[in-house]
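Morning, everyone. Please have the viewer open.

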Amino acid sequence: MKRLFSRICGAAFAASLVLAAVPVPTAAAAGIQVTLDDKALSFSDAQPLMRNDRTFVPFRAIFENMGASVSWDNASHTVTAKRGDRTIQLTIGRKSCSVSRSGADRSFVTDAAPFIEGGRTYVPVRFAAQALGAAVGWDNNTQTVVIVDTENMMKSSFDGQFENIGSIVKFASTCAPVMPRTVSGSLGATFTFHTAMGDLPASMTGSLAGKENLEATEFSVDLQTDRSAIETAIVANEGINVIDENVDSLLRKLEHITANGIISRTDGKLYLKSDFLTEVGIANGTWAMKPLAMGSGLTAVKNADAIDFVCAAAQRETLSLGSSVATVRAVLERLSDQSASLSGANIGSAGLRYQEDSYTTVDLALSADHVLTITRTVSQDGNPVSKMTLVQRTGGTSVTYEKNTAAYSAAVRIDLTPGAPSSAPAVRPA
């Protein structure tokens with residue numbers, strides 16, 4: 001179930017701005033460098049500092065090197081940086097911050113607050129750069145913070161090349177929960193085990209209930225499984241003697257599975273807790289965590305646009321000194337309109353097909369009647385082995401998941417419907 005829910009509960013496009021560390025005594029970041037677009041930055045009168053293995057830099061140096069104008073309000077102890085239609089504000093001693101772009105204000109809570117040291121104001125370098133639309137990485141071999149100005153590259157080298165993804169993201173953002181709301185759904189699954197005695201089917205049914213807002217979805221799941229069909233398949237393949245105490249215990253757990261989960265859009269991760277996870281080595285009562293797959297969903301942020309999506313995609317790459325610009329450029333190339341290879345028969349308003357990695361192809365299609373379809377296909381040796389399809393409408397979402405292996409085939413469907421206003425969900429486990 002951990003794999004299933006990590007596939008279907010999407011909204012991974014917004015890059016996490018949660019960063020930095022809790023306040024502890026500072027120390028000079030000896031030997032640590034910062035590069036912007038593969039060029040080293042110099043810090044003339046104040047060097048980067050470290051807190052709990054995080055790099056902080058003087059705010060003026062990082063923002064001005066990225067082309068932003070900066071100001072300091074002494075009365076409120078607030079740092080303001082402006083570049084184009086972006087405005088970032090951070091206040092000394094406060095973990096909350098705001099990023100405004102094109103009139104859309106977004107508030108974030110980081111893990112640490114900016115601080116003043118030696119008469120200089122320091123901000124976490126990763127947050128500062130990401131807030132201006134950059135991708136940030138760490139090159140351990142050279143002890144270097146690697147920054148690539150993704151938004152600037154989009155506007156300078158790929159101007160006007162993201163109309164398809166822009167239309168898709170704009171529609172998806174209209175489906176986002178501006179205010180907290182309930183979510184409920186049904187789940188149905190059929191598993192076909194390929195055995196020496198022929199194909200043997202088994203079924204699973206269940207329900208999902210929870211609540212969501214722009215920051216997260218918190219949910220609980222209740223599942224019932226056809227134990228007898230699975231047991232029949234095991235016996236057909238391996239004989240009755242295989243059903244020992246351990247297998248019988250597993251089958252009993254399969255009959256009724258409950259799980260609690262949190263999809264955190266602030267850090268792009270799925271958290272899942274279930275007694276059944278003990279079967280895969282997760283201690284009872286412990287939360288398991290997995291990063292969400294990009295392309296699983298696009299409804300994470302209200303008023304999102306192509307810049308949000310593309311910057312988030314670039315942030316997921318591993319950036320290395322000397323090759324970071326080329327890495328980000330490759331991301332922009334595959335997400336630009338030149339990759340919009342879906343035919344008119346498949347799309348209405350906009351479409352895009354791109355290669356997420358060596359094995360995964362993502363198709364996004366927005367129809368003229370405002371239905372968004374996202375399909376992620378994973379292939380091996382040129383043959384599709386799994387497919388996840390998400391269909392998004394303003395009134396709800398349907399998800400199907402198919403997988404084919406030599407041992408079994410699976411077909412899963414989940415239908416979700418938003419409901420009345422609710423209290424805000426947890427953003428991550430307590």
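**Overview and confidence**

The protein chain has nine helices and 26 strands. This is a predicted model. Of the 430 residues, 50% count as buried. The chain exposes about 19300 Å², and carbon and sulfur atoms supply 49% of that. Now contacts between residues at least 6 apart in sequence: 56% of them join residues at least 24 apart.

Confidence next. The mean pLDDT of the chain is 82, and 88% of its residues reach 70 or more. Among the elements, helix H4, residues 150-157, has the highest mean, 95. Helix H1, residues 2-8, has the lowest, 26. Over residues 1-29 the pLDDT is below 50, yet beyond near neighbours in sequence this stretch has 116 contacts in the model. Residues 294-300 are also below 50, with 46 such contacts. Where pLDDT is low, the predicted coordinates should not be read in detail.

**Strand E12**

Go to strand E12, residues 120-124. Is E12 largely enclosed or open? Four of its five residues are buried, so the rest of the structure largely encloses it. Which strands pair with it? Strand E5, residues 54-58, runs antiparallel to E12, and three bridges join them. There, Phe 56 has Pro 124 as its bridge partner. Strand E11, residues 115-117, also pairs with E12 in the antiparallel sense, over three bridges. In that pairing, Glu 117 partners Arg 120. E11 and E12 form a hairpin with two residues between them. Gly 118 sits in the turn, with a positive phi of about 60°.

**Helix H5**

Helix H5 covers residues 163-174. Its 12 residues reach 17 Å from first C-alpha to last, close to the 16 Å expected. Its buried residues include Ile 165, Ile 168, Val 169 and Phe 171. What do the buried residues of H5 pack against? Among the partners are helices H8 and H9, and strands E21 and E24.

**Salt bridges**

A search of the whole structure finds 12 salt bridges. Start with Arg 83 and Asp 149, whose closest N and O atoms are 2.6 Å apart. This pair links distant parts of the chain: Arg 83 is in strand E7, and Asp 149 is in the loop between strand E14 and H4, 66 residues apart. Arg 83 is buried, at 14% relative accessible area. Asp 149 is buried too, at 5%.

Now into H4. Lys 155 and Glu 151 meet in a salt bridge, 2.9 Å from N to O. Both lie in H4, four residues apart, about one turn of the helix. Residues three or four places apart in an α-helix point the same way, because there are 3.6 residues a turn. Is Glu 151 buried or exposed? Glu 151 is buried, at 2%. Lys 155 is partly exposed, at 42%.

Next, Arg 227 and Glu 255, at 3.8 Å. Arg 227 is in helix H6 and Glu 255 in helix H7, so the pair ties together parts 28 residues apart in sequence. Arg 227 is buried, at 16%, while Glu 255 is partly exposed, at 36%. Back to Glu 151 and Lys 155: shared partners join them with Arg 86 into one salt-bridge network.

**Asp 85**

Last stop: Asp 85, in the loop between strands E7 and E8. Asp 85 is partly exposed, at 31%. Leaving aside neighbours within four places in sequence, Asp 85 is in contact with Ser 100, Arg 101, Ser 102, Glu 151 and Lys 155.

Technical notes:
Residues numbered from 1 in each chain as written. Predicted model: local features only at pLDDT ≥ 70, side-chain atom pairs only at ≥ 80, totals over all residues. Heavy atoms only, no water. Buried < 20%, exposed > 50% of the residue type's maximum accessible area, 1.4 Å probe, protein only. Pairing = 2+ DSSP bridges. pLDDT = per-residue confidence, 0-100. Contact = heavy atoms within 4.5 Å. Expected span 1.5 Å × (residues − 1). Areas by Shrake-Rupley, 256 points an atom, 1.4 Å probe, with all protein chains shown as cover. Salt bridge = Lys/Arg side-chain N within 4 Å of Asp/Glu carboxyl O.
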